[in-house]
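Work through these exercises with the structure open beside you. Try each task before you read its solution.

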Amino acid sequence: MTASTMDELVSLCKRRGFIFQSNDIYGGIKGLYDYGPMGVELKNNLKQSWWKSMIYERDDIEGLDASILTAPAVLKHSGHEDTFTDPLVDCKSCKARWRDDQLENNTCPNCKSTDLTEPRPFNLMFKTAIGPVDDGTSFAYLRPETAQQIFTNFKNVIDSTNKSLPFGIAQIGKAFRNEITPRNFIFRVREFEQMELEFFVDPGTDEKWHKHWVDLRYNWWIDQGIKKANIELYTVEKKDLSHYSKATIDIMYKFPHGNEELEGIANRTDFDLGSHTKNQDEFDITAKVMENKKSTTKLAIHKLEEKKWIIPFVIEPSAGVDRGVLALLNEAYFNDVQNSRIVLALKPHLSPIKAAVIPLKRNNEELVNLAKKIKKDLQKIGLGRVILENSGNIGKSYRRHDEVGTPLCITVDFETLENNTVTIRDRDTMKQQRVNIDMLESYYSKYFD
Ligand code: GAP
């Protein structure tokens, strides 16, 4: 199991419509990818699984979908304007630009020269003009993390939901980073999606909650189909912590290019809510107090029993959707040499297509109409996409659906017309069984339950 190289995954993704290079017909732009018909389903299923576990299966987390364009003041106070940088170096020989911390032996990977400039900080945030005149005075950033708009909406959410500590706000959405060297397919890109939770807790209980969320998030990835042998926890060293973090544990996954971060779980203390809060002097804030603060709001909670306002601490599990997709594709990839097929053994809830209904002969009206009806009835159950696969070649149809991870192929053949049964083929075992059409809906629902 698992792909042996990234190239195998890239090739499958293109061949079967998971992921394409973006802007490809004009030569492409580095670090941008588009999700095709299968990719968008897989990605949506992953996000839905996260949302379900965060929002629907709990009562202490609310959802949010905030704007991408972000006021500079927000990212000034969050510390991103000043510190969200990577060290940039130029090769004086070939003029290529690199991230200093990713170079081996201070050598240009392009021309092998060691004649490089001194590293200088390069801010990763994208900017865009707001309004009709682009004179540099009115601009916004494309958010580099979804988290900040969770913090700025903190008061809106507690006022509209009456939440008390501990509670969380979760969001899934795009984030943008002008990476110096995007690389490794969808692992490090310039436009990506994050699934982020900000879980607000009483100061003093933060370390206990941090451990709790690390366990929950590790087990969630296992539930999505990641094998324990391919995932591990890594405690980020103090010197490598983000400016807002007191402690961070990364969930590391064995990607085809190496062991790298899939998700980070940080103890952000009261840094962000503190930085965005007016009249900070009233509070005992761990965060560095920012200058020129202009926030109009107190992002704090009133503790009735203690008769005081406190700024909560925040535990933040932050996962990359694209890295999740890459890890799951890699886990599921199986070169079944014995049966001359590639199989994507995704967990059924993540599979882009739940069932393919295949009429044995593409021009036989009776078979095709029956297949169409079965597709419609199963689709109505609402567990995800069901497809009518009318290519006329059963062997090719099975192969295609093995490669995109469809758990069930339902074939309508001439026996169906005689005794009202269809064949159900299981992706992983390749075993086939005949099931009466009247039992199909309950068989299908039970399978995905
Ligand atoms: N709010 C905290 C935060 O943004 P981060 O470690 O910078 O923390 C969180 O990012 C997650 O976002 C990472 O674990 C990774 O999965 C994903 N991510 C970050 N940069 C990325 C990039 N350039 N391309 C793809 N995913 C990225």
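The exercises below cover the domains, their contact, the ligand and the salt bridges.

This is a predicted model, where local features need pLDDT of at least 70, side-chain atom pairs count only at pLDDT 80 or more, and totals for chains, interfaces and linings use all residues. Residues are numbered from 1 along each chain as its sequence is written, and side-chain values use heavy atoms, with hydrogens and water left out.

**Exercise 1. Find the domains and describe their contact.**

Step 1. Domain 1 is 6–84 + 124–330, and domain 2 is 353–448.

Step 2. Locate the centres. Taken over C-alpha atoms, the centres of domain 1 and domain 2 are 40 Å apart.

Step 3. List the partners in contact (heavy atoms within 4.5 Å). Domain 1 gives seven residues and domain 2 gives seven residues.

Step 4. Find the buried area, meaning the accessible area (1.4 Å probe) that two parts lose on being put together, summed over both. The two domains bury about 660 Å² between them, with 51% of it on carbon and sulfur atoms. Arg-16, Met-38 and Glu-41 supply 68% of the area that domain 1 buries against domain 2.

**Exercise 2. Find the salt bridges between the domains.**

Step 1. Apply the rule: a side-chain nitrogen of Lys or Arg lies within 4 Å of a carboxyl oxygen of Asp or Glu. Side chains of opposite charge can pair when their charged atoms come close.

Step 2. Count. Two salt bridges join domain 1 and domain 2.

Step 3. Look at Arg-16 again. Arg-16 forms a salt bridge with Glu-403, and their closest N and O atoms are 2.9 Å apart.

**Exercise 3. Describe the ligand's surroundings.**

Step 1. Check Glu-179. An N or O atom in its side chain is 2.8 Å from a nitrogen atom of the ligand.

Step 2. A polar backbone atom of Phe-187 is 3.3 Å from a nitrogen atom of the ligand.

How values were computed: Domain bounds come from an automatic or database domain assignment. A polar contact is a pair of N or O atoms within 3.5 Å; within protein, one must be able to donate a hydrogen and the other to accept it, and residues adjacent in sequence count only if both atoms are side-chain atoms.
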